[in-house]
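Please keep the sequence and the three-dimensional view at hand while reading.

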Amino acid sequence: MDDATAVAAVLVPTQLKRFREVCEVDGPIEPRFDGATKHVLLAEDRAFLFPRNHTIVGQLERECDVYATVDHPLVSKLLGRWDEPAISPYPFFAVTRLRGSVPGDMSPEHLRLLAGQLGAALAACHDIGLERVPRPLWANAWSEPPLTPPTATECYSPLRELGGPEQLGKSVAPFIGPAARTTLLEALEAVDAMDPVLAHGDLYESHLLLDESGTLTGILDWGFGGVLSPLIDFTCSQWDSASWAAEGSYGDLRRHLWTAYAEHRSVPLPSWEQVHMALTTFDIVVLAPETETHYYWQKSAEWQAARRAAAGHSLQAQLT
């Protein structure tokens, strides 16, 4: 299907004519239909975001609230919003266009470099003051926002989603000795106490852009962004199995992400050792056959079992 035919699937000729007039688009338009929530029409310097249907409007509004808030070269900026029934039955938006392509298979060296760049970019985004964040983003995409910005104990946290430090400690008890439980609980509590930030919330390779040299050029699709625990951007649970396979050893991806992140954040943070314990515990619990969450849901049972076993061995090594 050529571009003109594909664009017609979003805008029929009369709508397209009006779109070009209202949005001042003269040149070619490249359609992108691979997103789950929106159609994207790419002009030379802008990306126009159209919700796929009425159920997506709120999430797209949320995504564009992020673009209006974050000021970072790797994140699009909101340029405009239109309610034009002659063009679309739903509101649509324009943001700055970011150039690049989604990462393919990565070598360990490439994974390390990408993780370092991404960790530094996340640090800048997470440093945004919550007073600048609009209220609709004060919770995750499935919750009603509170009246005031949430605290560390009120925001969404992957650890609390699994029951919190005490429950997590009990869940991994078979993997560690009683003497190590205090050390583990201290790490879990320190990580869970991190102040909330404006986080991406759905970070994996398909939401990243790289240039031909492998340099990170964009972080896309902030529709699940919100004021959340920073840890949400480090579970890496949606990353492709090929990226995990490029790790030199268990935890390498997260280690490189966190090390770069901690170097660039402007606030005190838990140590990598504490974060490693917390995320290893997270893996053990979330990958248990009886656990039902959205984390790792696309991975095979065999992959999950192998990853859980690696996490168990890693936690034992960390606590001995």
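## A salt bridge across the chain

With which residue does Lys38 form a salt bridge? The partner is Asp221, and the closest N and O atoms of the pair are 2.8 Å apart. The model discussed here is a predicted one.

Asp221, with a relative accessible area of 24%, is partly exposed.

## The five-stranded sheet

Strand S2 is part of an open sheet of five strands, arranged in the order S1-S2-S3-S5-S4 with antiparallel pairing. At the edges are strand S1 (30-32) and strand S4 (78-82), each of which pairs on one side only. On average, and with direction ignored, neighbouring strands of this sheet are turned by 20 degrees against each other.

Strand S4 is joined to strand S5 (residues 92-96) by four bridges in the antiparallel sense. Across this pairing, Leu78 stands opposite Val95 in S5.

## Helices on the sheet

Which strands does helix H2 lie across? Helix H2 (residues 13-23) lies across strand S3 (46-51), S4 and S5, and runs at about 130 degrees to S3. Helix H3 (residues 57-69) also packs on the sheet, where it touches strand S2 (38-42), S3, S4 and S5. The direction of H3 makes about 150 degrees with that of S3.

## Further salt bridges

Side chains of opposite charge can pair when their charged atoms come close. The model has 19 salt bridges by the rule applied here. One of them joins the side chains of Arg97 and Glu30, with an N to O distance of 3.4 Å. This pair links distant parts of the chain, 67 residues apart: Arg97 is in the loop between S5 and helix H4 (108-126), and Glu30 is in strand S1. Arg97 is buried, at a relative accessible area of 17%, whereas Glu30 is partly exposed, at 28%.

Another salt bridge is formed by Asp71 and Lys77, whose closest N and O atoms are 3.7 Å apart. Asp71 is exposed, with a relative accessible area of 58%, and Lys77 counts as partly exposed at 35% relative accessibility.

How do helix H9 and helix H10 cross? The axes of H9 (residues 252-264) and H10 (residues 272-286) come within 11 Å and cross at roughly 140 degrees. This angle makes H9 oblique to H10, because only angles over 145 degrees count as roughly antiparallel. The crossing is right-handed. In the contact between the two helices, Arg254, Arg255 and Trp258 of H9 meet Trp272, Val275, Leu279, Phe282 and Asp283 of H10.

Helix H11 (residues 301-318) contains Arg307. Is Arg307 buried or exposed? Arg307 is buried, with a relative accessible area of 7%. Leaving aside residues up to four places away in sequence, Arg307 touches Trp244, Glu247, Tyr250, Arg254, Asp283, Leu287 and Tyr296. Of these contacts, Arg254 also takes part in the meeting of H9 with H10, as does Asp283.

How values were computed
Residues are numbered from 1 along each chain as its sequence is written. This is a predicted model: local features need pLDDT of at least 70, side-chain atom pairs count only at pLDDT 80 or more; totals for chains, interfaces and linings use all residues. Side-chain values use heavy atoms; hydrogens and water are left out. Two strands pair if DSSP finds at least two bridges between them. Axes are lines fitted to C-alpha atoms, for helices over the stretch in contact, and angles run from 0 to 180 degrees between N-to-C directions. Contact means heavy atoms within 4.5 Å. A salt bridge is a side-chain nitrogen of Lys or Arg within 4 Å of a carboxyl oxygen of Asp or Glu. Buried means under 20% relative accessible area, exposed over 50%, partly exposed in between (1.4 Å probe, protein chains only). Angles under 35 degrees count as roughly parallel, over 145 as roughly antiparallel, 65 to 115 as roughly perpendicular and the rest as oblique. A crossing is left-handed if the near helix is turned anticlockwise from the far one by less than a right angle, and right-handed if clockwise.
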